[in-house]
Amino acid sequence: MNKKAVIFFIFTMLVSLLSGNELIDSLELQLEKVNNKEKIILLKELAEKYLADDPRKSIDFSQQILSLINEDNRDKVIIYNILGEAYENLDDHDNAIHYYKLTVDSSRNVKDNEAKAYALYSLAIIYDDTGVHDKAIIYYSQAAALYQKLDQKGIQANILNNIGLIYEGISVYDKALEYYLQAYDSYRKVDDIEGIGHALNNIGNIYQTIGNFFKALDYYQQSLQNYEKINNESGISSSYNNIGIIYDELQDYDKALEYYQHSLEIAEKIGEIDGIATSLNNIGIIYHTLENKEKALECYFESLDYSEILEDYWAIANTNSNIGELYIEERDFTIGLDYLDKAFTMAQEHNFRDIMMECYKIYRKYFVAVSDYENAYLQALKFEQLRDSLFSESSKRIAEIQTVYETEKKEQEIDYILLANRHQRAIKLFFIAFSVLLLIVSLWLYRLYRHKNREIETRKRLEQDLLRLAYVVNQTGESILITDLLGKIIYVNPSQEKNSGYNSDHFLGKNLSVSGTGFQENDLVVNILQLLTTGESWQGTVINTSKNKVNYYETVNAFPIKDQSGVIINFAIIKHDITKIIQAEEELRTSEERFRRMAENVNDGLSIIEDGKVVYVNDKLCDITGYTREEMLDLNGMDLAAPFEKVKIRRILNEVSGSIDTISNFEYWLQRKDGEIRYIRNSYSIFKKDDKIINRYIITSDITDRKKAEEKILKSLKEKDILLKEINHRVKNNMQIITSLLKLQAGYIKDEAVKMLFQNCQNRVKSMSLIHEKLYQSDDLTNVDFSSYVNNLTRHLITSYHYHADQISVRVNVSNIFLGVNKAIPCGIIINELFTNSLKYGFAGIEAKEVSITLKNQNDIYILTVSDNGIGIPEEIDFRNTNSLGLQLVNSLTEQLHGKIELLRNNGTTFIIEFP
């Protein structure tokens, strides 16, 4: 080893001890000091180290290496791979594909299968991520074959799993299952517990999709056990969620909810946002199914928040559709349609056609709820068309993938043949004779092999076709039965079981007339079988009855099944449930008939205007106007208006024609055909579709006799006034009875203090009784003439406390004050209490006794003043906080009136109360 090489070796050993930027900086500094061979090594190390953090620098170093390499070698193959990965990290897929393909081509010359396998795998991933599934499958398959040669079964298993995911994505479930099972076997060989869990989970997904829920459940549980072995909490959470889906499908909602909640707990624990969002959405679906709407909405909205954080548009659209469906089921259509429109718009933007199909179903549910059966049918039609389109595109895509795969396979075979020919030409001449003989034998063996191979391929294709056909038959919503030539049922599909409510055992081996088929009439069965025997088909409609005794309608297409030679071997019956369509049509007919009857029997005139022309009038409108139906169709509003109303009607019609309001009302004088003037009321409404006015409706009422009706109403109101007066009178009498009872009871009481309490109660009841007395005596049953009321109340209290009129002077200044009952009663009790206090306690030793009561209104504020010239309330007494029931009532009732109270102790006692 020369001195420079030794120095370089020591240097590389030292830099291997460095890390991060120091290492990279050291490598870059050394580039100028080494020869080309050593420079390639340094540049390659730099290209690898910059690959993740700065792909552009990695590309720069890689290009420098390529400029130093003149012919294909391992270094060049590695650099092509690095360039491919660098461009892939920059999302520059075109350049990434270019360099990965260069890797594949160059690796053949240097026999670097590992680099070639990596490049093929990378190409497959790019095509997979960009949705070019046919090429992805081809490159995945080539990569898997190489990794098998390299005995790297773990990577091979991952590739097989990815191929399965592609086939599952395009609904080729038999192929997907085949690759998932191969991946499972490969993971087992390398004892990759996590990989085994993934494969089992994917296998479960296939069985769930094709409706074999119990088998799916078994695989999900096995997957869970594997994740639990290695404590893979993300996998455990996913398995719990999948098991919950199965129990949801099996309608065991308690178990489904239990597993969803387990999944949610783990996802929250590890902070897996997409898992949290999924679990919350699924929990919401369970609560939705169980009609716990509040809980369902709570879960949906929380799931939506998490999905929006992730910008997971599919999940956002899906949850919005769930929320919209819930609100529509609750008949909260405005909110429901808002969320449903959001879901549909997002599904359109991102081409989420499964969500679009779900939205069509929910739109249909809405239109049925609002009895708009035409739009309901249109939504159902859109759903069917999209579903058929998806199926058609899926089939087309499968054919494309198969074609490309076969083409690529043939190209590889050609390459191998050419290679074999080149080697063959190198064989020495003395082997020619032997080769000819060997060729003859080989051709004979090849013919045998090819014949056998064709049989195997044919059988495989038939098996695949049968699997696909079985999937379609099992998944379709149509009921399918197959019978033998005697009409005995030998097969029913799941939809027949679901629609009829009977399981397959109920049908198998039975005649076609068995309950649940819709052919219970033997004569019908005989006629159909006779027709099918001739090779003809039969179409019709039958009324079927399910196991739970519910009738439903089905369209039927019965036809013979023939073998390759044209011999009839079986009969097939395909039935489509049209109950909802029949019901919608019947409801539409009923609605139309109901409208017709209503229009003809309604007491008002009805006219319909389309494109400015009257297209319909009912008989009542003809009666109102005096014109015949034919004459009315040639007239308009201006023709019917009285001469003095022409200007007014022209203005009204101009306003209405430009209005976007749904309903407008106007009244005017109409001149009948015989010249009589009648007063009518028109209610004008419009029907719009897609913001375009389709029809205008006018309901015309003859209200000439309304005045008479109004007079009757006024008379009725007077009678009600009398009734209210009678009520007030009776209330007053009842209060008088209460007063009398209190007085009678007080007569038996010896204790003067207790007797005084009874007297106070009498006076309080009397103050309220006087209110009702004033009301029934007044023409105004809502307001009390308070001046008269206060005078009556003070006279009653003076008499009650045995004063003579000349012993006390009472001045009442309450003029033109009228209070409603809600103010009059508390105000009256306040005056009762304050005046009573003055009479009982205010005049000890006072000869000239005076009390003044004033109530006035200033700027919508009432000011009540009650004052006397007595001895006054002592300073130490706090009238706001006292044991006196009377003063407590005064304070409480002032608060009730939203007022304030003030006490003045100058020259006696003065209370001032203000209230609005």
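Reader: What makes Lys-342 and Asp-338 a salt bridge?

Author: Their side chains meet at 3.9 Å, N to O, and a salt bridge is a side-chain nitrogen of Lys or Arg within 4 Å of a carboxyl oxygen of Asp or Glu, so the pair counts. A quick word on the source: this is a predicted model, where local features need pLDDT of at least 70 and side-chain atom pairs count only at pLDDT 80 or more, while totals for chains, interfaces and linings use all residues. Residues are numbered from 1 along each chain as its sequence is written, and side-chain values use heavy atoms, with hydrogens and water left out.

Reader: Where do Lys-342 and Asp-338 lie?

Author: Both sit in helix α18, four residues apart, about one turn of the helix. Helices here are DSSP runs (H or I, at least four residues), as are strands (E, at least two), numbered from the N terminus.

Reader: Why is Lys-342 called partly exposed?

Author: Its relative accessible area is 42%. Buried means under 20%, exposed over 50% and partly exposed in between (1.4 Å probe, protein chains only), so Lys-342 lands in the middle class.

Reader: How do you know that Lys-342 lies over the face of Tyr-339?

Author: Lys-342 is 5.0 Å from the ring centre. The rule asks for NZ of Lys or CZ of Arg within 6 Å of the ring centre and within 35 degrees of the ring normal.

Reader: What makes Glu-325 and Lys-365 a salt bridge?

Author: Their closest N and O atoms are 2.7 Å apart. Glu-325 is in helix α17 (residues 313–329) and Lys-365 in helix α19, so the bridge ties together parts 40 residues apart in sequence. Glu-325, at 14% relative accessibility, counts as buried, whereas Lys-365, at 32%, counts as partly exposed.

Reader: Why is the pair of Phe-333 and Tyr-366 called edge-to-face?

Author: The ring centres are 5.2 Å apart and the planes stand at 70°. Rings of Phe, Tyr and Trp (its six-membered ring) pair if their centres lie within 6.5 Å; planes under 30 degrees apart count as stacked, over 60 as edge-to-face and the rest as tilted. So this one is edge-to-face.

Reader: And what makes Tyr-862 and Phe-915 stacked?

Author: The planes are 25° apart, with 5.4 Å centre to centre. Tyr-862 lies in strand β15 (residues 861–868) and Phe-915 in strand β17 (residues 909–915), so the pair joins parts 53 residues apart in sequence. Tyr-862 is buried at a relative accessible area of 14%, and Phe-915 is buried at 1%.
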